[in-house]
Amino acid sequence: MNQNNNTFIYRELYNNLKEDILSFKYDSNEKLPSKREMAQNLNVSVNSVKTAYEQLLEEGYIYTLERKGYFIEPLEKLIVEPQTTHTLTTTAPPQEQQYRYSFSHMSTDITQFPVDTWTKLMKQVFKNYSHRLSAIPDLKGPIELRQAIAKLVSYKRGIQCNAEQIVIASGTNVLLKQIMDVMADDSKIAVENPGYFRFRDILHKTNRTTIPIDLDDRGISMSAIKAAAPDLVIVTPSHQFPMGTIMPISRRIDLLNWLTKTNGYVIEDDYDSEFKYNTDNIPSLYSFDKSDRVIYLGTFSKTLMPGLRLSYMILPTSLVEQFEHINNNVIPDFSMLNALTLYLMIKDGHYERYIKKMHHLYEDKRAQLIEQLKQSFESKIKIHDTHAGLHFIVEVETEYSYDDIETRAKCYDIELYTINRFTVAPVSDQTKYKTLIIGFSQLEIEAIPEAVNILKQVLIH
Ligand SMILES: Cc1ncc(COP(=O)(O)O)c(C=O)c1O
C-alpha cells in the first residue's frame with residue numbers, strides 16, 4: 001500500500017474489507033482483528049484502519065461490542081433474478097437538431113431578449129429575496145408575481161381576479177394535470193380537433209375520456225359539444241390552435257351559457273393573445289364569464305421564451321379552496337429564482353417594453369413572409385391570414401402526401417409541421433391542397449426569401 005497517502009490507504013482498506021464481507025469471505029459475527037493488529041499486519045497507520053472501520057460501521061457492514069472489538073454483521077445474500085435485470089440499450093445521446101430554417105410554431109425569437117437586464121434583476125433577487133430563495137416556494141407562486149399578473153390580465157385581457165386565484169407552474173402541461181386533480185375521475189373532456197396534441201396526451205395518460213370536437217368557421221362546434229355533453233371543454237378562443245380562428249362573441253356567449261346551464265367548466269388556453277396585428281386585443285372568454293365557469297391558462301413561453309418554463313392559471317373562485325386542499329403537501333415545481341426575476345421585470349416595466357419591441361419585430365417578419373409566400377407560390381397557396389399569434393395556416397397545392405412533405409422537409413433541413421401533427425386521425429392525402437402550420441418567429445427577416453425558396457422546393461419541385 002502507498003504509505004504516503006492516508007486517504008488512499010483508508011479507501012483501499014475500506015473497499016477491500018467491504019468486498020470481502022459482501023463475498024462472504026468472513027463468517028457472520030466473526031471478529032475482525034483489532035485496529036492495532038490490522039495496522040501491524042498491513043503495515044499502515046492505526047488511524048487509517050480506524051477511519052475504514054468507522055465507515056464500515058456507519059454503513060452497517062460491521063458492528064461493535066464494547067471492549068470486545070469489531071464483528072461482521074450477519075448479511076443475507078442479495079437475490080439477483082437474471083430475468084428481472086434490464087440492460088439499458090444505450091443509444092447515442094440525441095443530437096440537438098439545428099435546422100437551416102425553422103417554420104416551427106413553438107419557438108420564439110430570443111435574439112433581442114434583454115439578457116443584461118435579466119441578469120441584473122436576478123442579482124437583485126439574490127440580494128433582496130435571499131430568504132425566499134432559501135425556503136420552499138409558496139404553493140401557488142410568489143404573491144408579488146401573482147399580484148403583478150392580476151394587474152397585467154386586468155388591463156390586457158379584461159380579467160378581474162384576485163391574486164389568490166392565480167397559480168404559477170412550470171408549464172401549462174403541469175397546470176392541466178393540476179386541473180385534472182380537482183375534476184372528478186369520470187369527467188368527460190371535450191378537446192378541439194385539430195388541437196394541441198400535448199393536452200390530448202396528458203388527458204389520455206390521466207385516463208380521462210376525451211371527446212375530439214370538430215371546428216367550424218367560428219371555432220369549436222357548439223352543436224357537437226351539446227351532443228357530446230362533456231363536463232369540461234378545452235378551447236383556444238383568441239387564436240384557435242392551430243387553425244387560427246378567433247372565436248366570435250356569439251360563439252363565446254353560446255359556450256358560456258351552455259356551461260352555466262350544465263354546471264360545466266371550460267379551460268381557456270390563451271397561449272399567444274399578446275400578439276395581435278392591426279386589431280385591438282380581443283377580450284378573453286374569462287372576462288365575459290359571470291358564472292365562475294372559466295379556468296384561464298396563460299404562459300410566458302410565447303412572450304419571453306419556452307425555456308423559461310413559467311406559466312399560470314386563474315382558477316374560478318369556487319375551485320381555489322379545493323386546489324389548496326388537494327395540494328396541501330405539494331412542493332411546487334417552478335423556479336422561485338426565475339419567478340421573482342420575472343416579477344421584477346414586470347414591475348420595472350421591462351416586460352411591457354420587450355413585448356412591444358417583439359410585437360413590431362414579429363409583425364414585420366409576418367408581413368414579409370406572407371408577401372414572399374404570395375410572390376413565390378402565386379396561385380398555388382391559400383394563406384389563412386388571421387392577424388394574431390406567431391403562426392398562421394397555409395394550404396398549398398402539391399402532389400406530395402403529408403408523409404412525403406415531412407420527409408422532404410427533413411432532407412432540405414427545414415423544420416416544418418403539417419396539420420397531421422394536430423388532428424386525432426390522419427388527414428386524407430387525397431386532397432389537392434395540403435394544410436401546413438407556418439411559424440415565423442425564428443426566421444430572420446433577411447433570410448425569408450431563401451427560406452421560402454427552399455419551402456417551395458420541398459412542396460412543389
Ligand atoms: C396551444 C398551446 N397552448 C399552450 C402553450 C404553452 O405551453 P407552456 O406554457 O407549457 O410552454 C403552447 C406553447 O407552444 C401552445 O402551443
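A polar side-chain atom of Asp269 lies 2.6 Å from a nitrogen atom of the ligand. In this predicted model, local features need pLDDT of at least 70 and side-chain atom pairs count only at pLDDT 80 or more, while totals for chains, interfaces and linings use all residues. Residues are numbered from 1 along each chain as its sequence is written, and side-chain values use heavy atoms, without hydrogens and water.

The table lists polar contacts, that is, pairs of N or O atoms within 3.5 Å.

| Side chain | Ligand atom | Distance |
|---|---|---|
| Asp269 | nitrogen | 2.6 Å |
| Thr299 | oxygen | 2.7 Å |
| Ser311 | oxygen | 2.7 Å |

The protein buries 95% of the 390 Å² that the ligand exposes when taken alone (Shrake-Rupley method, 1.4 Å probe).

Residues around the ligand, each with a heavy atom within 4 Å of it, include Gly171, Tyr196, Phe241, Lys302 and Arg309. The shell divides into three nonpolar, five polar and three charged residues; Tyr and Phe count as nonpolar, Asp, Lys and Arg as charged, and Gly as polar.

The ligand sits in the largest pocket. A pocket is an open set of points on a 1 Å grid over the protein atoms alone, where a 1.4 Å probe fits, with protein on both sides within 12 Å along at least five of seven lines. To sit there, more than half of a molecule's atoms must lie within 2 Å of the grid points.

Elsewhere, an open antiparallel sheet has four strands in the order E12-E13-E16-E15. Strands are DSSP runs of E with at least two residues, numbered from the N terminus, and two strands pair if DSSP finds at least two bridges between them. Strands E12 (381-384) and E15 (417-418) are the edges, each pairing on one side only. Four antiparallel bridges join E12 to E13 (residues 391-397), and Ile381 has Val396 in E13 as its bridge partner.

Definitions and conventions. Polar contact = N/O pair within 3.5 Å; in protein donor to acceptor, adjacent residues only side chain to side chain. 1 Å grid on protein atoms, 1.4 Å probe; cavity = no way out; pocket = protein on both sides within 12 Å on 5 of 7 lines; lining within 4 Å.
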